[in-house]
Amino acid sequence: MFRITSTRLLAVKDNVASEAVTLILARGGSRGVKLKNLQTVGGKSLLSYAINAARAAHLRDVTVSTDHPLIALEALRSWYKTVLQLKSADKLNKFHVENEIFVLDKAKIFRRSKVTATDCAPSIWGALEFLASRPNATVLVLLQATSPFTRPSSVRGALSLLVESESLDCVFSVTRSHKLRWHEVNGKIVPQNFKTDSRPRRQDWEGELLETGGFYITRRNIVEQGYFQNNKRRTPDYCAFINVHRKMCAYGLDKLPVDQPLRTVTVQIEERVLEEIFREPTTSTTCVAHSPGMPKSIGWEIFKREDLLPYHF
Ligand SMILES: CC(=O)N[C@H]1[C@H]([C@H](O)[C@H](O)CO)O[C@](O)(C(=O)O)C[C@@H]1O
């Protein structure tokens with residue numbers, strides 16, 4: 001498992017990273033939640049979180065691919081908070097079209113075709129359609145708007161990891177889980193990742209990696225073969241995994257605190273606590289909860305929420 005550090009972030013070779021293109025797929029016809037990409041969390045649309053993450057990660061070439069005018073408008077609004085106030089025709093005339101992509105300064109909107117925006121179309125179709133218009137791109141960064149907590153530093157770090165390591169074909173976001181899974185077989189429940197007579201203890205088990213869906217960074221040749229990930233071998237030889245914030249995985253979108261201000265300070269503290277426990281699972285709970293700069297109540301709140309009590313001592 002790789003950890004992204006700020007030193008690594010500084011080491012990004014901009015010339016290589018510049019061959020990377022970032023894509024946010026945001027179709028209008030989402031079935032489960034209508035116009036899902038425009039739904040808000042903490043007062044901001046899911047799409048704007050993805051755009052902001054891309055901008056904060058200093059990704060140079062970011063495109064939103066959509067088949068829906070409101071989504072295109074929201075993409076522009078997120079790029080330029082004032083775009084809705086652009087009343088002068090002069091400003092609007094600055095739009096131009098390049099290879100099917102509407103460009104307004106740095107904001108790019110790709111007109112997604114109906115075929116790649118249907119219910120049964122997988123993301124890879126949208127990615128392939130877009131890449132066809134970008135023959136010089138060697139790396140695709142796919143950001144999913146359904147993960148509003150994707151951290152810019154994770155994306156930037158993941159991209160540098162890929163561009164620095166020729167042997168890597170893809171880097172995508174995962175989280176580590178120690179949950180015991182069961183599945184149903186003919187009306188009976190059967191343990192899936194453990195045996196009932198030897199239940200793993202958290203501290204003796206490295207857990208499992210769960211794909212969070214936050215981002216997928218893949219070399220062009222792999223995408224052209226129809227995949228975001230290759231399955232040649234396990235990490236770190238071909239795929240690398242970034243441990244991203246557990247929250248993305250632990251909370252479904254439906255459980256997010258919709259339209260309530262996000263407590264970002266808590267998120268950072270939470271990450272510190274969890275990292276500490278992953279690094280040293282035998283650390284005492286009291287020790288972590290009382291570490292310098294850690295408000296006591298928050299420490300305990302995190303343990304409770306993450307089911308680390310009473311299992312973590
Ligand atoms: C890159 C990719 O395959 N994206 C797919 C994601 C991820 O599989 C999921 O986010 C992983 O958690 O799921 C969907 O959004 C979904 O099921 O509606 C479809 C989308 O095509």
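Trainee: Before we start, what counts as buried here?

Mentor: Buried means under 20% relative accessible area, with exposed being over 50% and partly exposed in between. Keep in mind that this is a predicted model.

Trainee: Thanks! With that in hand, are Asp61 and Arg134 buried or exposed?

Mentor: Both Asp61 and Arg134 are buried. Arg134 has a relative accessible area of 17%, and Asp61 has 11%, so each falls under the 20% cut-off.

Trainee: What do their side chains do?

Mentor: The side chains of Asp61 and Arg134 form a salt bridge, with 2.4 Å from N to O. This pair ties together distant parts of the chain: Asp61 is in the loop between H3 and S4, Arg134 is in the loop between H6 and S8, and they are 73 residues apart.

Trainee: Which other residues does Arg134 touch?

Mentor: Leaving out residues up to four places away in sequence, Arg134 touches Val21, Asp61, Thr63, Ile101 and Arg220.

Trainee: Which lysine does Asp61 pair with?

Mentor: That is Lys108, whose side chain meets Asp61 in a salt bridge at 3.0 Å, N to O. Lys108 sits in strand S7, 47 residues from Asp61. Lys108 counts as buried because its relative accessibility is 15%.

Trainee: How many salt bridges are there in the whole structure?

Mentor: A search finds eight. One of them joins the side chains of Arg31 and Asp119, at 2.7 Å from N to O. Those two are 88 residues apart, with Arg31 in the loop between strands S1 and S2 and Asp119 in the loop between S7 and H6.

Trainee: Is Arg31 buried or exposed?

Mentor: Arg31 is exposed, at 67% relative accessible area.

Trainee: Switching topic: what surrounds the ligand?

Mentor: The shell is Ser123, Leu142, Gln144, Thr212, Gly213, Tyr216 and Phe228. By type, these divide into three nonpolar, four polar and no charged residues. Strand S12, residues 208–219, gives the largest share, three residues.

Trainee: Which polar side-chain atoms come up to the ligand, and at what distance?

Mentor: One belongs to Ser123, 2.5 Å from an oxygen atom of the ligand. Another belongs to Gln144, 2.7 Å from a nitrogen atom of the ligand. As for cover, the protein takes up 49% of the 470 Å² of accessible area that the ligand has on its own.

Trainee: Okay, and helix H3? How many of its residues are buried?

Mentor: H3 spans residues 46–56 and is mostly covered, with eight of its eleven residues buried. Among them are Leu46, Tyr49, Ile51 and Ala54. Just after H3, His58 has a positive phi of about 60°.

Trainee: Where is Lys106?

Mentor: Lys106 lies in the loop between strands S6 and S7. Lys106 counts as exposed because its relative accessibility is 54%. Beyond residues up to four places away in sequence, Lys106 touches Val62, Trp79 and Tyr80. From C-alpha to C-alpha, Lys106 is 9.7 Å from Leu76, and the two are 30 residues apart in sequence.

Trainee: Last one: how many helices and strands does the chain have?

Mentor: There are twelve helices and 13 strands. Buried residues make up 45% of the 313 in the chain. Of the contacts between residues at least 6 apart in sequence, 74% join residues at least 24 apart. The accessible surface is about 17,000 Å², and 53% of that belongs to carbon and sulfur atoms.

Key. Residues are numbered from 1 along each chain as its sequence is written. This is a predicted model: local features need pLDDT of at least 70, side-chain atom pairs count only at pLDDT 80 or more; totals for chains, interfaces and linings use all residues. Side-chain values use heavy atoms; hydrogens and water are left out. A residue is near a molecule or strand if one of its heavy atoms lies within 4 Å of it. A polar contact is a pair of N or O atoms within 3.5 Å; within protein, one must be able to donate a hydrogen and the other to accept it, and residues adjacent in sequence count only if both atoms are side-chain atoms. Accessible areas come from the Shrake-Rupley method with a 1.4 Å probe; for residues, only the protein chains shown count as cover. Helices (H or I, at least four residues) and strands (E, at least two) are DSSP runs, numbered from the N terminus. Ala, Val, Leu, Ile, Met, Phe, Trp, Tyr, Cys and Pro count as nonpolar, Asp, Glu, Lys and Arg as charged, and the others, Gly among them, as polar. Buried means under 20% relative accessible area, exposed over 50%, partly exposed in between (1.4 Å probe, protein chains only). Contact means heavy atoms within 4.5 Å. A salt bridge is a side-chain nitrogen of Lys or Arg within 4 Å of a carboxyl oxygen of Asp or Glu.
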